[in-house]
Amino acid sequence: MRAIWQGLLFSAALAASLGHASAGETHARQILDRFEHANQWRDHVMVAAHRAGSMQAGKTLYPENSLAAVEGSVAMGAEIVEVDIRRSKDGEFVVMHDSWLDRTTTCRGEVVHYTLAELRKCRLVVEGTGAVSGETVSTLREMLTATRDRILVNLDNKLDVQALPGMITIARGLGMAEQVIVKENLWNADRIATVKATMGAIGGGFQFMAIIADDAVHDARFAETVNRAFSVRAIELINWRAGAETLTETGGPLFSTRMRAVSVRGGWHIWADTYAIVNKPGGFLSGGRGDELAVLASLPAETWGFWAERGATIIQTDEPKAAIDWLAANGYRIPYTDEARPAEPANTASIN
């Protein structure tokens with residue numbers, strides 16, 4: 001099925017892959033070309049590493065949202081790292097998923113009650129082993145500096161939408177706003193208007209992605225409305241699995257033939273999530289077809305393959321290496337033209 005509706009685009013994708021790389025072009029620029037031109041790359045599934053790629057291999061490799069996790073994701077060939085942004089007591093944007101420090105660091109209490117200087121004393125912990133790492137909480141600026149020219153960065157804003165302008169200001173100051181993807185949940189006209197006002201105040205030069213979940217939206221026409229409002233590069237579609245029901249057979253109301261047609265007309269990527277959520281059913285965001293099914297049950301075709309066949313051209317996962325390896329082995333990845341490793345990060349000696 002995938003080959004039928006995407007096959008006509010393969011020649012254009014192949015030509016682009018052979019022709020876009022130029023002397024001095026960064027690896028991030030090549031990734032960005034694929035992100036910005038979805039219709040030329042329908043035969044390639046991009047991989048987004050959830051919480052910077054820390055969760056793979058039983059959560060034993062890196063602390064989540066760490067610079068080490070980013071390095072691992074770059075090395076394995078992921079195109080995007082997703083990181084979570086909160087604010088310290090003294091107003092600094094910091095990279096942290098939970099509102100509390102207890103689970104992921106050696107400190108206790110809420111992030112917002114710590115100054116940046118105090119957060120520097122907290123060491124990140126590898127969740128799967130409990131090992132205390134040498135890394136501390138990073139600022140948004142430090143995280144972006146480490147990723148410059150190497151990989152795209154998806155900011156999961158754990159604050160309100162009004163915090164986004166400040167984040168983009170930091171990215172612009174580093175000359176890398178185009179590498180940044182911001183996202184917001186959209187479910188009705190009022191929410192679209194609220195987010196659109198903020199986006200308009202920020203201006204352009206960065207990437208915007210909408211999130212649409214099937215608990216509130218059931219029709220692809222809403223995605224068309226979103227695209228008219230924002231000219232999105234991607235829409236993250238969520239197929240909720242509330243309990244122990246059987247695996248989705250279709251992908252739910254959003255992963256429809258019409259949605260695929262709408263994405264092609266709009267020139268945007270369908271983004272699927274297969275990562276796990278603690279204390280929730282397996283595949284909570286993906287109709288049961290999550291990373292647990294791919295790795296623990298050894299059924300990657302029923303997970304990553306299933307979503308790719310339903311039009312997903314970006315998959316966010318806790319298992320980026322396993323996903324990349326399987327997708328590449330099964331014809332869902334087109335190699336990049338720069339076979340050399342992506343550029344080394346800027347000097348981060350002062351970060352820790």
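Helix 6 (residues 140–147) is mostly covered, with 7 of its 8 residues buried; here buried means under 20% relative accessible area, exposed means over 50%, and partly exposed lies in between (1.4 Å probe, protein chains only). Helices (H or I, at least four residues) and strands (E, at least two) are DSSP runs, numbered from the N terminus. The model is predicted: local features need pLDDT of at least 70, side-chain atom pairs count only at pLDDT 80 or more, and totals for chains, interfaces and linings use all residues. Residues are numbered from 1 along each chain as its sequence is written, and side-chain values use heavy atoms, with hydrogens and water left out.

Let us stay with helix 6 for a moment. Its buried residues are L140, E142, M143, L144, T145, A146 and T147. They pack against helix 4 (67–76), strand 2 (80–87), strand 3, strand 6, helix 7 and strand 7, where contact means heavy atoms within 4.5 Å. Just after helix 6 comes D149, which takes a positive phi of about 70 degrees. Helix 2 (residues 27–36) is another mostly covered helix, with 9 of its 10 residues buried. Those buried residues are H27, A28, Q30, I31, L32, D33, R34, F35 and E36.

Which strands does it pair with? Strand 6 (residues 152–157) runs parallel to strand 7 and is joined to it by 3 bridges; two strands pair if DSSP finds at least two bridges between them. Within this pairing, L155 stands opposite V182 of strand 7. Strand 8 (residues 207–213) also pairs with strand 7 in the parallel sense, over 5 bridges, and here N185 stands opposite I211 of strand 8.

Strand 6, helix 7 (residues 164–173) and strand 7 make a right-handed β-α-β unit. A crossover is right-handed if, with the strands pointing away from the viewer, the path from the first strand over the helix to the second runs clockwise. Strand 7, helix 8 (residues 189–202) and strand 8 also make a right-handed β-α-β unit.

Now for the nonpolar interior. In soluble globular proteins, nonpolar side chains tend to be buried together. A nonpolar core is a set of buried Ala, Val, Leu, Ile, Met, Phe, Trp, Tyr and Cys residues joined through side-chain atoms within 4.5 Å. The largest such core has 72 residues, and among them V226 and F230 touch the most other members. Helix 9 (residues 220–230) supplies the largest share of this core, 6 residues. Not counting residues up to four places away in sequence, F230 touches L186, I192, V195, K196, M199 and F208. There is also a second, separate core of 13 residues, which includes I31, I80, M209 and A234.

F222 also lies in helix 9. It is buried, with a relative accessible area of 15%. Leaving out residues up to four places away in sequence, F222 touches L186, W187, N188, I192, I212 and V217. The C-alpha atoms of F222 and A189 are separated by 9.3 Å, although these residues are 33 residues apart along the chain.

C107 and C122 form it, their sulfur atoms 2.1 Å apart. With -105 degrees about the S-S bond, the link of C107 and C122 is left-handed. C107 lies in the loop between strand 3 (93–95) and helix 5 (116–119), and C122 in the loop between helix 5 and strand 4 (123–125), so the pair ties together parts that are 15 residues apart in sequence. Both C107 and C122 are buried.

Strand 4 leads on to a hairpin. It pairs with strand 5 (residues 132–136) in the antiparallel sense over 2 bridges, and V125 has V132 in strand 5 as its bridge partner. The hairpin has 6 residues between the two strands, and G130 in the turn has a positive phi of about 80 degrees.

Our last stop is T274, found in the loop between strand 10 (269–273) and helix 11 (291–295). Is T274 buried or exposed? At 0% relative accessibility, T274 counts as buried. Its side chain makes a polar contact with the side chain of W304 (3.4 Å). A polar contact is a pair of N or O atoms within 3.5 Å; within protein, one must be able to donate a hydrogen and the other to accept it, and residues adjacent in sequence count only if both atoms are side-chain atoms.

Technical notes:
A disulfide is a pair of cysteine sulfur atoms within 2.5 Å.
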